[in-house]
Amino acid sequence: MNAPARPLLSLDEALARLAAGAAPHRIRAVETVATFDALGRVLAADVLSVLDVPPADNTSMDGYALFADDVRAPGTVLPVAQRIPAGQVGQPLARGTAARIFTGAQLPPGADAVVMQEQCEAIPPAAGAPGLGAVRVNTVPQHGQWVRCRGEDVRTGAVVLHAGERLTPQALGLAASVGAGMLPVLRRPRVAIFSTGDELVMPGEPLKPGAIYNSNRFTLRGLAQAAGCEVRDLGIVPDTLEATRAALREAAAASDLIVTSGGVSVGEEDHLRPAALAEGAMENWQLAIKPGKPLAFGHVRRPDGSAALLVGLPGNPVSAFVTWLIAVAPLLRVLQGRGQAALPPSIPMNAGFDWPRPDRRREFLRVRLAEDGTLALFPNQSSGVLTSAVWADGLVDNPPGQAIARGDRVHFLPLATLLAG
């Protein structure tokens, strides 16, 4: 008699269990790195500004700094008293005069407006006469125009970046703008990866009958690197219990998280579960998602009593890819103290396709933004068609049993957001 089918686990419930299992293993070790080298790292403490940004009133245009009240009508002529390039500080400006000024330069004390050079006419000094000449102002300026005020971006003491943020290029620029040359960051997550399956061979090797090239090794390694992890690649593990147990012990010794692909079903040649139970603990889940139904979660004990987390992904290449994005990436967020294990907010967009026969599971459809602003669907949504993941720039998060007609609003998850974790 066949065993009754196990109930499917919703993705939300799976994410809650992943978060609960990962929370005790949160990374707390802190490193101090140069801001130049901190891209993709996670801040361990808030970054506070030690100065106002900008540090003084400055101009956002090339032009002339002046007193707005000195120009009552277009065509007013003012003598040019000084010239102020960026990086130099001018002298106090006398009433009835103007200063030639260049973008980014600090306003001279007293000036309260800048007129862009396109609205002015330079009048050179008479032949042999000293000075910088004069300027004809062909507009009536307003107080504060083209002036970037001191502290309008950042005030002294303000928190400009928060602990738990993953550092983007623009975040590094902001840190640099407030003088932070070094940043406290969490140690990178250490992720060990291996694949199981005697049918797997590496690209470049002869492909014997019944064998396939191990694409998951490259995909998962790249996903881990894109997530800012230190990756330890244990390669392809033979389909034996002893070899799988040895790989788990080796992986756990120096890793926070072990990620495997394949071997998470219940076949006679799938040794991950018995190996994990011998070395720690593991649960095999059946998720109510497509692709990516099978998922395993557990831990592997170390000799000192601590443990490394273990996630077993399905072997089909698209299933492994999608399940990383919607399960492993949120788990890494918890390990790094970056919030809850949850998917990023979706973007409502119009479908440019029909999906008349939905699955009873929650589906993640590979789609691409079309020129008309709708989402195009890759024609083959099979979990073995890796070209769909390369072609796509996002996923449609489709509720269970939800048919889609062209023009319907759908939930779009950009791959760039999912890859960033």
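This is a short walk through a predicted model, from the whole chain down to single residues.

Start with the overall form. The chain holds eight helices and 26 strands. Its C-alpha trace spans about 105 × 55 × 40 Å along the principal axes. A compact globule of 421 residues would have a radius of gyration near 22 Å, but this chain has 30 Å. Buried residues make up 48% of the 421 residues. The exposed surface comes to about 19800 Å², and carbon and sulfur atoms supply 54% of that area. Now look at the contacts between residues at least 6 apart in sequence: 69% of them join residues at least 24 apart.

Next, find helix H3, residues 215-226. With 12 residues at 1.5 Å each, H3 should span 16 Å; its end C-alpha atoms lie 17 Å apart, which agrees. Which residues of H3 are buried? They are Asn216, Arg217, Leu220, Leu223 and Ala224. These residues cover an arc of only 140° around the axis, so they sit on the same side of H3. What covers them? The cover includes four strands: S13 (190-196), S16 (230-237), S17 (257-261) and S21 (307-313). It also includes helix H6 (317-335) and helix H8 (415-420). Just after H3 comes Gly228, with a positive phi of about 80°.

Move on to strand S18, residues 280-286. This strand is mostly covered, with five of its seven residues buried. S18 runs antiparallel to strand S20, residues 294-301, and seven bridges join the two.

Most residues other than glycine have a negative phi, and most peptide bonds are trans. Where does the chain depart from this? The peptide bond from Val53 to Pro54 is cis, with omega near -5°. Pro54 lies in the loop between strand S2 (47-48) and strand S3 (58-59). The bond from Lys290 to Pro291 is cis too, with omega near 0°. Pro291 sits in the loop between strand S19 (289-290) and S20. Trp146 is not a glycine, yet it has a positive phi of about 55°. Look for Trp146 in the loop between strand S9 (134-137) and strand S10 (147-148). Is Trp146 buried, exposed or partly exposed? Its relative accessibility is 35%, so Trp146 counts as partly exposed. The cut-offs are under 20% for buried and over 50% for exposed.

Conventions. Residues numbered from 1 in each chain as written. Predicted model: local features only at pLDDT ≥ 70, side-chain atom pairs only at ≥ 80, totals over all residues. Heavy atoms only, no water. Expected span 1.5 Å × (residues − 1). Buried < 20%, exposed > 50% of the residue type's maximum accessible area, 1.4 Å probe, protein only. Arc of directions from axis to C-beta. Contact = heavy atoms within 4.5 Å. Rg over C-alpha atoms; globule rule 2.2 N^0.38 Å. Areas by Shrake-Rupley, 256 points an atom, 1.4 Å probe, with all protein chains shown as cover. Pairing = 2+ DSSP bridges.
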